Amino acid sequence: MKKFFTTISNIWKIEDLRVRITNTLLFLLIYRIGSFVVLPGVNSHTLDTQKAKEGLVGLLNMFAGGSFSRSSIFALGVMPYISASIVMQLLGIAVPYFSKMQKEGESGRNKINQWTRYLTIAITVPQAVAYLHTQITPDAVLLPNFIFTLMNTLVLTAGTLFVMWLGEKITDKGIGNGISLIIMVGIIAQLPSAFIVEFQSRTGGNGGLITFIVELVALIGVVMFTILIVQGTRKVAVQYAKRIVGNKQYGGVRQYIPLKVTAAGVMPIIFAQALMFIPATLSSFFPNAASNPIVIQLINYNSWLHNILFALLIIVFTYFYTAITVNPNQMAEDMKKNNGFIPGVKPGVATGNYLDDIISKITLPGSICLAIVAIIPALVSLAGVSSLFSRFFGGTSLIILVQVVLDTLQQIESHLLMRHYDGLMKTGRIKGRTAIPTAAGTTPTAI
């Protein structure tokens, strides 16, 4: 406990870190206040009966911190921006123009950010129209339909752009990873209500207090398992050639390339979930198909068929996303330019093949572990855990929480170490997602 208070005191002594943490908290407070501001022309009294649903709506509501179900001005949150960022990342791999832009340094990144903002607007506008027509019941609308749609489409688009701006300000003026922190805060905002509902359910006769304590212990175990997956690395030794210039020696040291077991992060789960929502979407357009037993199994999130297919898709997408984000040939080329080599492996093509072989081997257990974490919520739901509380036992929400918390703690620890203070732990150092090497030479965020 003394170590904890000493660390807090050291953090507060560093003026730059103190200002950054304060700015981050203020920006997040603005976001949380805005999430309770209801859209103009909406009767807020009728919104009490609109609860978050299962599936895609429930997932979006969690990422938006409850704004989706409250019909807030931030109802769409940062998800359009995330979608635009993913599209731009894929374009950077498939289209030579964007690939060249990624390698132009700061000017290239500024151009990509500008393209991402334009694409965010293009994605937000149709999503806003769809949200207004599908998630807000007609009895809650207080204005003529055309005026209501036009005005609130502009409000939702402006809300998404404002949240995006808040995320960029947190990155610049705060402790970094602004978009990731906004998503994390939205997820954490759902935790107290889920905790209370589960506690009342158990103590009210559905299992008792002992069952609730067992659930908490299991939740801690799942979090520890997720941390192991996120932090898991395969270190590859790299030797740099020794050069003597005058009286000084350069190189001649051995370093390590940390290849992440889950280099794809949470993206395989997001891609797999998007495909698993297709049967439910098609069944809404074709009512006759909804009576098919296979379709029923695919729509049921707790069925074995749904979860087995979900796990297989995660494994496939883990290999796919790892292949497009981690380029072993580029890593080998950069290593060769810096006079580095892996002991026992020839530089160049042989090094690229060696790294590719290692990445392929560690991706298999990483993908299986991701699939296990993703289907844990369905398994605990079968055990009687409420649907809202079960989301914190795994899946996208838990992985995002773990990754963002670790990366934020790493940012704070780096400030402490730069000022010659002790780190946050007695032994070792906290490692976030920033250790992932990519083909473009950048480091992706926790999302």
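Q: Is glutamate 106 buried, partly exposed or exposed, and what relative accessibility does the label rest on?
A: Buried means under 20% relative accessible area, exposed means over 50%, and partly exposed lies in between, with a 1.4 Å probe and protein chains only. Glutamate 106 counts as partly exposed because its relative accessibility is 49%. This is a predicted model, in which local features need pLDDT of at least 70, side-chain atom pairs count only at pLDDT 80 or more, and totals for chains, interfaces and linings use all residues. Residues are numbered from 1 along each chain as its sequence is written, and side-chain values use heavy atoms, with hydrogens and water left out.

Q: Which side chain does glutamate 106 meet in a salt bridge?
A: Side chains of opposite charge can pair when their charged atoms come close. A salt bridge is a side-chain nitrogen of Lys or Arg within 4 Å of a carboxyl oxygen of Asp or Glu. Here the partner of glutamate 106 is arginine 109, at 2.9 Å from N to O. Both residues lie in helix H7 (residues 106–134), three residues apart, about one turn of the helix. Helices are DSSP runs of H or I with at least four residues, strands are runs of E with at least two, and both are numbered from the N terminus. Arginine 109 is partly exposed, with a relative accessible area of 38%.

Q: Which salt bridge links distant parts of the chain?
A: Glutamate 168 forms a salt bridge with arginine 117, and their closest N and O atoms are 3.1 Å apart. Glutamate 168 is in helix H8 and arginine 117 in helix H7, 51 residues apart. Glutamate 168 counts as partly exposed at 23% relative accessibility, and arginine 117 is partly exposed at 25%.

Q: How many salt bridges does the structure hold?
A: The structure holds seven salt bridges. One network of salt bridges links Glu198, Arg202 and Glu215.

Q: How many residues does the largest nonpolar core have?
A: A nonpolar core is a set of buried Ala, Val, Leu, Ile, Met, Phe, Trp, Tyr and Cys residues joined through side-chain atoms within 4.5 Å. The largest one here has 66 residues, and Ile182, Ile183, Ile187, Phe310, Ile314 and Phe393 have the most contacts inside it. Helix H19 (residues 395–418) gives the most to this core, with nine residues. Apart from it lies another core, of 14 residues, including Ile257 and Val326.

Q: How many aromatic pairs does a search of the whole structure find?
A: Rings of Phe, Tyr and Trp (its six-membered ring) pair if their centres lie within 6.5 Å; planes under 30 degrees apart count as stacked, over 60 as edge-to-face and the rest as tilted. The search finds ten aromatic pairs. Phenylalanine 195 and phenylalanine 212 form one that is edge-to-face, with 5.2 Å centre to centre and 75 degrees between the planes. Phenylalanine 195 is in helix H10 (residues 191–203) and phenylalanine 212 in helix H11 (residues 208–231), 17 residues apart. Phenylalanine 195 counts as partly exposed at 33% relative accessibility, whereas phenylalanine 212 counts as buried at 4%.
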